[in-house]
Amino acid sequence: MSSPRFLDGQAGSTLAAQALSEHVYAYRSLGAHAAPAQNIWGNTTVQSSHSPAHDPISHLHDALATRSLPSALLSSNALISAIPHLFKFAGSQAGLVIHVSAESDKNDSSFADFSKVMAVRQSGLALLSSSTVQEAHDLAVIAHVAAIKTNTPILHFFDSKRLSHEYTNVDLVDQEVLLKFVSKEDLEAYKAIEPAQAQTAYLQYKAAADKTPVNVYAAIQEIMVQFATITGRHYLPLEYSGHPEAEHVVVAMGAGATVAEQTVNHVRIANPDAKIGVLKVRLYRPWSDTDFLEMIPNSVKRVAVLEPSQDYTSTWNPLFLDVVAAYQTAQDEDVEIVSGQYGVEARDFTPAMVDAVFRMLAQSEFQRRFVVDALPTQALHVLPSDVKQAIIVGDEKLAHSFAQANLAQNKTVQLYTVNGASHLRVSSRKGALLPSLVSEASAVVLLDVTTGAAVDAIRSLAQGGFVAVQNDNLDGLSNGVKKTIADKQATIVVVDAQQVAKGDFGIFSQARKIQVPSSWTSLEASSAGAQVASSTPQANGTGKLPVETPYIKMLDQVFADRLEIANAVNSASIWAPDTTKPETASPEYGYGKLLSKIQQRARLIDFVEKAVKDTSAGLSADAYKALSQWVLVVKSAGAQSKQVNDAASAVVAALQSDASAVAKEVLAQKDLLSVKSNWLIGSDAWARDIGQSGVHHVITSGENVNMLIVDTIPYSTKVEREQRKKDIGLYAMNFGSVYVASVAVYSSYTGVLNALMEADAYQGPSIVLAFLPQLNADNSAVDTLKETKISVDNGAWPLYRWNPSLEAAGKEPFTLDSQRIKKDLEKFLERENHFSQLVAQQPDISKLLVSSLESDVKKRHEELKRKAREDYANLLAGLGGANGPPLTVLFGSDNGNAEALAKKIATRAKSRGLQVKWMAMDDYGDIQDLAGETNLVIVCSTAGQGEMPGNSREFWKALNGLVVGDINLAELRYAVFGLGDSHYWPREEDAVFYNRPGKQFDTKLETLGAVRLVELGLGDDQDADGFETGFQTWQPELWKALGVKDVGAEDDVPKLTDDQMKINSNYLRGTIAEDLADESTGCLQEINGKLLKFHGSYGQDDRDLREERKKQGLEKAYSFMIRVRMPGGVSTPAQWLAMDELADTYANGAIKLTTRQAFQLHGILKRNLRSTIRGINHSLLSTLAACGDVNRNIMVTPITEIPEVHAQVQEFSEKVMVHLAPQTNAYHEIWLADELVAGHAVQDYEPIYGPTYLPRKFKIVIAVPPNNDVDIYAHDLGYIAIVDPATKKVIGYNVTIGGGMGMTHGNKKTYPRPASMLGYIPADKGVIVSEAVVTTQRDYGDRTNRKHARFKYTIDDHGLDFIKAEIEKRAGIKFEEPRPFEFKDNADRYGWSKGVDDKWHFCMFIENGKVKDWPDFQPKTGLRELAKWHKGEFRLSPNQHLIIANVPEADLEKTKALLAKYKMDNLAFSGLRLNAMACVALPTCGLAMAESERYLPTLVGLLEQAIEEAGLREDAITIRMTGCPNGCARPYLAELAFVGKAPGAYNVYLGGGHKGERLNKLYKESLREEEILNEIKPIIKRYALERQAGEPFGDFVIRAGYVKKTITGTDFHDLS
Ligand SMILES: Cc1cc2nc3c(=O)[nH]c(=O)nc-3n(C[C@H](O)[C@H](O)[C@H](O)COP(=O)(O)O)c2cc1C
Ligand code: SF4
């Protein structure tokens, strides 16, 4: 069944590997076992040898991918660098076994150092430890069997010297026996398992909750039992021997455990009452607390955990921590646990030492941590009397012959050679012999008397033993040996090798003796042999180690010479920075240092590269070769650091003897030749303000810099709000391109090492967040352990890794190493998961998503980079890094141009090293402070008519009030840049208003004696690039004058475009939700403000209150406007009531009916935004897409001449609206969901718009002739309904495109444009055409310039024919000739009209659409009363009036009575008033330059007089007014229009078509009221007198020559 062999442990495990795997990967010599072998399933086991130096065990992946069964033979020295692979194996369900001999760094030690094996204890592999040579074979077998049966990779380890090199009798398990454990079927079953499916981290996390993990512990235990039944050799995962009521127990692993076991057995034979025991740990991972506690007798009082490791956590050893944790879990605090370390100085671990440990435990005073070697020992011999011992020095072969001879006699032999001395034991019994060095040898054979080993060997000779030599010449013996021989009263005998080879202990007594000279007794022995040091580990002393020590030690362990820690190098600790140089602890300090190193190295690479190409460099052949090789390696992408560093050493060696200049230069920088692992070490303080801490810098730099941030704050402590930390991990992961790991040394040591290695390998920024809670001053291991355990267990400190290089390789970048995670992390993963899922399910959209996501990440990165630069500049300024001269930049600005320019100057100045302050002029303190300034720049725009902008008036007043002598400005150097518009006031005499404020500042400062740095700069809106044109020439002069012209400043990144903003917004989310929650301000951040428009709301401020609030130091009176989107302006009475109530509850009490048939509420405070929008949605209306770059509300003629038509066009409008509605979930998430969610990036998909939506707003209308009330020509897309009068059915539409009103004063590239006719389409093609038109604009619209982005410009840029063809192609239709139609006017139909069946409509007059109660007129109350019982609809008209629609005949009288009661039936207004329309403008509209809604009624009143005098009271003249050229009330289609230019001043337009079909033209600019009346009254008079029959006012003014007829948009500005 078993065949006995004489083997060492290494061979024992190799044979098991060969028998039970298909491929043996050897990372060490296979020695005698290199020959091909067969496995138990009858196949040849493939064997391959590899170097342990480069990326060990990476080869195993190939085997695992095909599910063949591999095993690996390894030394523990290669383990650390194999960690990343181990992690992968752990997740691979592979039946892999790795046999590891645990090396000690000390050559002469007889025992192992387990620290490297311990370092991988949390890699997820099972760990089995052998404690005898027989076990090295048996547990190897068990490991293979368990690995195959449980699909778990197993690491089997044993002491390198003691077991792997100890030869003894080993019973090998025969192949047929092995087949009983794993049959061929078992193998096939194993192979049949599909390799683990790639799953997203989120799904793995979710699945883990339901999964019952394989109980590897139980499985191994079962296999051990089966093994015992078949082979008779019993093993347990944890095995106790000793007194059943032991009070003192030693816990140990490996050969040391066997020493302890044999000691305990021996002591108990002599004294059965000794209450001692030993627990041998064989299965170390998975570790079972329960089994451990069960194995140890309950009587135990003290436990000593003995380990042969110098653990790098430096404070506590790993097995000790496991034992502590077990008792802690069991809440057993009575057992005292101590930690002992052996093999620190001593080369052997002996029974006497174990005995010393028990004696120490028995004392009342004992050490918690101790070095076993240092305990006082007493002689103790545990070997049974039949065991014979000898040492043969100088001939290992002979020792083997000696052993073989004994084996032949059926003896049990143990042979172990260390330092040239072979220790032999021979016993007639079976079973493992003591794995300690021989100590009472009956004979020492000195074949080589000169070796140092002779001294040790003689020391191990028993009193009166034999010393055998080959001849009589003893001269070679050292004095020490001689003296010891004499002291031990040894007998010297002469033997020859052949005699010894017979293995007979009897030969010594029979051999010829030599007399020991008596002089030897008195010889002085030189100090020889081992001395036991009495040192104790550092941490045992009183001096506390710096907090970060464990982590720094780990860095050292992993990277050794390559390690470069950039900050705090001179400090005792990050937590206790060097007080003389505190900055050295800061990340910026280290970061700067690292960056400069990286750059220096890049320069060196360049230098060398050039040098090797330069034939005249005079390099020797060797130097040339070494340098070329180095460049090659350094520049190859996949080069490993070891390769580079080898090449670097070669360079240094080769250059030593090279006299060239190149060699000198390179040698001077030889440090830079090798690759370093660059680290910044930081404390958790860095997490309080990521932006300021430098963490953000590293993240955004893209450089290969690693950060280790140690978090010491226990999660059980509460922290103040401002002390609260940001989640750096999440922050960094969101970038996608930063390696992030969250680790905890007391939870997973291996995890930390792995993360450090991955971070180092990642070619970009990495952040390793490491947890090390410090609870109190004398932080005990138990406390730290407990706190770590709790935090990891409850998810407060999750263990995870985010490796972007995996993502690049198409793999899941996130690995979760702990069970539970924080909510926000879960959400992050959920988001990532949604993305993966979506891509998997809908590959066709994946491209779009991927590209948008990529650009999303990229854009985010760009944005953050920009921010980083700013921060950096701030930082420099703050750190005093800016040592340039001071500069103060002051601005005066109404609408932001001058402010932005001032900011630009400030930023650029900062990056040039100046110490900059910048602010609005009125924010500048005392004017007298100017005397203390060095350099001053003023940037000021022009407002009103040559006036100061609002935020510079006070400053100007104060400055202007000074006269020479009031202030000494002799030291002040200044520069002024003014912004203005040379055409704003076009009359020649108004030229003085051009840029007046700028000029005023410039002169005033000069007068007061300040020194001009540069000539006054002027920016003019009329220039090609607006004010930028002037600025570009002025700016260099400024830098020159300040002496910083050539300072290498980075140019600032261009402002985020609207498209970038949209992409970054993640489908319109932005951070609106966060902004809403911010109670510190009433407004939103700029970008969120823009995004908010898509949600139907604008931020505004009450401009009436601006100045007053400013004086009081208050922020502007911010509020919000909300617009409701409802096609055709149709609402139900219930919806009316809802609006009515919301207007009172949250808004300013008024309902505004807009020019585009929508409701608007004004004056809503930020805190009420959500409630208002919810309320609106509750009433089944929506605000989504009421504003923004999307299709907005669709207008429909509200009362049609053929009543049946309305329902059809209304239904059509609803279909188009639904079809073109944005699909983002953001709206729902932000406003309606109960929980605010942080962004489900990829759930969203905009089939029509894509992530950048449209270049600009888009407006659609449907007109039913003869009404053009909707103003078809003012809209991007218009449908003119063509009705079959016979059937009263809408059979189709004439389609128009490209209408639009907005323009900018003085900018001729902007103009209003009347829509163009495309042709007729059948009604059923309406929707598809809308999509075709919208997507054409989406794809061809100008996204570079918002002023040129409307569809009208797209059409004029590309030509109508092209656009038409594109639409036809996209819609798959051909436009037919337009069908005939006729419009009569673009006015509303006031009064009663008949609807379908018995229904009636009443269109009432609401001046400027304002529904609110006045003292003498209360439509708001009236309409509320009506809405309570009205059964029809409320329809908003296109001209801001209201239609009470579908009043059943039965309610007619009641309705009329109510209308009369509230004077709402009053239509007795002049034709002028009935046809007048104004936009909102002041005080809420941010763009307004003049009053509109509040002023038009007055102006109409004044004009009415003229009209009445002319007898034209009933005549309809369309008159429209807007506060700015944006044109919300469609002024450019009116017969008479006023467009605000400055407060009280309007441009006057004449000649629009009465049917809304023709644009008007500028008649006079900037007229004030009186001028308006003076100009217009005579025209009206003439019109009354001279008009032809039916001639509208608009036509008349053209005929009369007041203005030229405007044909289309491009000639709108053509006045000649
Ligand atoms: C209501 C108004 C009045 C203006 N009046 C003048 C003026 O009188 N003289 C002038 O040169 N520019 C005038 N401008 C042009 C502005 O000064 C110019 O557009 C400038 O770039 C605006 O800068 P800001 O955004 O910092 O206010 C006026 C602009 C507006 C909107
Ligand atoms: S036209 Fe100008 S002032 Fe009037 S509401 Fe529109 S943007 Fe505001």
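Modeller: The shell around ligand 1 divides into 8 nonpolar, 11 polar and 4 charged residues. Here Ala, Val, Leu, Ile, Met, Phe, Trp, Tyr, Cys and Pro count as nonpolar, Asp, Glu, Lys and Arg as charged, and the others, Gly among them, as polar. This is a predicted model: local features need pLDDT of at least 70, side-chain atom pairs 80 or more, while totals for chains, interfaces and linings use all residues. Residues are numbered from 1 along each chain as written, chains are lettered from A and ligands numbered from 1 in written order, and side-chain values use heavy atoms, without hydrogens and water.

Colleague: Which residue has a backbone N or O atom 2.6 Å from an oxygen atom of ligand 1?

Modeller: Polar contacts are pairs of N or O atoms within 3.5 Å; within protein, one must be able to donate a hydrogen and the other to accept it, and residues adjacent in sequence count only if both atoms are side-chain atoms. A backbone atom of Ala898 lies 2.8 Å from a ligand 1 oxygen. For Ser941, a polar side-chain atom lies 3.0 Å from one. The 2.6 Å backbone contact belongs to Thr942.

Colleague: How many charged residues are in the shell around ligand 2?

Modeller: A shell residue has a heavy atom within 4 Å of the ligand. Those around ligand 2 include Cys1479, Cys1485, Cys1524 and Cys1528. By class, 8 are nonpolar and 4 polar; the charged count is none.

Colleague: In the open sheet of 5 strands, which strands stand at the edges?

Modeller: Strands are DSSP E runs of at least two residues, numbered from the N terminus, and two pair if DSSP finds at least two bridges between them. The order is S42-S43-S44-S45-S46, with mixed pairing. Each edge strand has a single partner, so one side is left without a neighbour in the sheet: these are S42 and S46.

Terms used:
Helices (H or I, at least four residues) and strands (E, at least two) are DSSP runs, numbered from the N terminus.
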